[in-house]
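Colleague: I would like to learn how to read the features of a structure such as this one, step by step. Could we look at it together?

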Amino acid sequence: MKHTDFIPYGRQSISEDDIAAVTKSLRSDFLTQGPCVSEFEQAIADKVGANYGVAANSATSALHLACLTLGVKESDRVWTSPNTFIASANCARYCGASVDFVDIDLRTYNMCPEKLAERLYKAKQNNTLPNVVIPVHFAGQSCDMEAIHTLSKEYGFRIIEDASHAIGAKYQGAYVGNGKFSDICIFSFHPVKIITSAEGGMAITNDEQLAKHMKTHSQQGITKSPDELTQMPGDWYYEQHTLGFNYRMTELQAALGLSQLSRLDDFITERHQQFARYQDLLKDLPITLPFQKDGRNSSLHLFPILLPKHHKASRKAIFDALREANIGTQIHYIPVHTQPYYQALGFKDGDFPIAEDYYQRTLSLPLFVGLTKEQQNRVADVLRQALKDNGIEA
């Protein structure tokens, strides 16, 4: 029988304090370009142990700002993971650069550092080394950033961490975004992410000049800073120094983000409790459960499972059975290189077989703050029956 209450794969958790914070912002003198955005930028930087934050209206915009600021241009090459949302690659295409991908590790679903090393060795011989590599912390678990950073020193590329899933995650005991192993780190505050500002993103860096450039690019390329102006006829004066974009975050978004940030640790604690409960509920099923590597404390944005290899054709049936029971399962992600836009650039099916195999077998189960034990039980029961109905039994 179909349940009437829908369980989404992810959703925001909005408190009365969040509502009060946004209401206060609405009653203030500033709806945009006020003090909340700067406060939010500094609060996120302080939280992760970095020097500077630059807010944007989305993580996609922040990724674009990062590419622009690192000087990505038409003749450049940017590498990222095929197992990600399209923005991780599109940000380089916005700059006219060519994009390539590095296949994933089938345990973490992140960019494989061994495969990266192999490709870099070959690229050096062909004089096609990347200018920038964008590792993606899929589902909230950090990539092996020390290994990638070591390779960057050997082969001379810059690093942008796409940590859209990973605000509050830790790697080697420190928060993702601290800047030890990258030039810039990007967070997302979309409603299904760990904390939300409705829409919004942020670029984090320890480099003052990178932060200044990103801020200028996010504000139409305009500066009013006295030390950057060529003249100063009056307080009204500003100058456009580059071709920028209107990527500003509003005060309302920043107010919501600031309020949400106060609960970040509690959100992650609850996600870990839900994760552990799923692991217990599903341990007897013939599926692969998410793997968490030692030394990495994931923010657990997603709970992706893998169906057995010999039952690939059953994935749609399992997906449909969950959706029919009002359980909002989802697929994360369709490999970027299989999208028509990227295939028109020369990519083809089979280019990155591990990411493609993962895609054919994955399902994301609901995981979000407020998900109840009863709802998790229901997800487990429906999944177990769907597997059985499709001949997948332990």
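Colleague: How do the residues of the lining of the largest pocket divide into nonpolar, polar and charged?

Modeller: Please keep in mind that this is a predicted model, in which local features need pLDDT of at least 70 and side-chain atom pairs count only at pLDDT 80 or more, while totals for chains, interfaces and linings use all residues. Residues are numbered from 1 along each chain as its sequence is written, and side-chain values use heavy atoms, with hydrogens and water left out. As a general idea, rolling a probe the size of a water molecule over the atoms shows where empty space is left. Here the lining of the largest pocket divides into 9 nonpolar, 12 polar and 3 charged residues, where Ala, Val, Leu, Ile, Met, Phe, Trp, Tyr, Cys and Pro count as nonpolar, Asp, Glu, Lys and Arg as charged, and the others, Gly among them, as polar. On a 1 Å grid over the protein atoms alone, a pocket is an open set of points with protein on both sides within 12 Å along at least five of seven lines, a cavity is a set of points where a 1.4 Å probe fits but cannot get out, and lining residues have an atom within 4 Å of a point.

Colleague: What volume does the largest pocket have, and which residues are the closest to its centre?

Modeller: Its volume is about 410 Å³, a volume being the space filled by probe spheres set on the grid points, which are joined across faces, edges and corners. Of the 24 residues that line the pocket, Phe 85, Ser 164, Ser 188, Lys 193 and Tyr 333 are the closest to its centre. Helix H3 (59–69) and helix H4 (87–93) each supply at least two residues of this lining, and the largest share, 3 residues, comes from H3. Helices (H or I, at least four residues) and strands (E, at least two) are DSSP runs, numbered from the N terminus.

Colleague: How many cavities of 30 Å³ or more are there?

Modeller: The count comes to 2. The largest cavity holds about 80 Å³ of space, and of its 14 lining residues Ala 139, Gln 141, Pro 290, Phe 291 and Gln 292 lie nearest its centre. About 40 Å³ lies in the second largest cavity, whose lining includes Arg 11, Lys 193, Phe 267 and Val 369; Lys 193 is also one of the residues closest to the centre of the largest pocket.

Colleague: How should I read the pairing of strands?

Modeller: Strands of a sheet pair through backbone hydrogen bonds, either parallel or antiparallel. In this model an open sheet of 7 strands has mixed pairing and the order S1-S9-S8-S5-S4-S2-S3, two strands being paired if DSSP finds at least two bridges between them. Strand S1 (52–56) and strand S3 (98–101) stand at the edges with a single partner strand each, so one side of each is left without a neighbour in the sheet. Strand S2 (residues 77–80) pairs with S3 in the parallel sense over 4 bridges, and Thr 80 stands opposite Phe 101 in S3.

Colleague: Which order do the strands of the open sheet of 3 strands have?

Modeller: That order is S7-S6-S12, with antiparallel pairing. Strand S7 (174–175) and strand S12 (296–297) are the edge strands, each pairing on one side only. Strand S6 (residues 170–171) is joined to S12 by 2 bridges, and Lys 170 stands opposite Asn 297 in S12.
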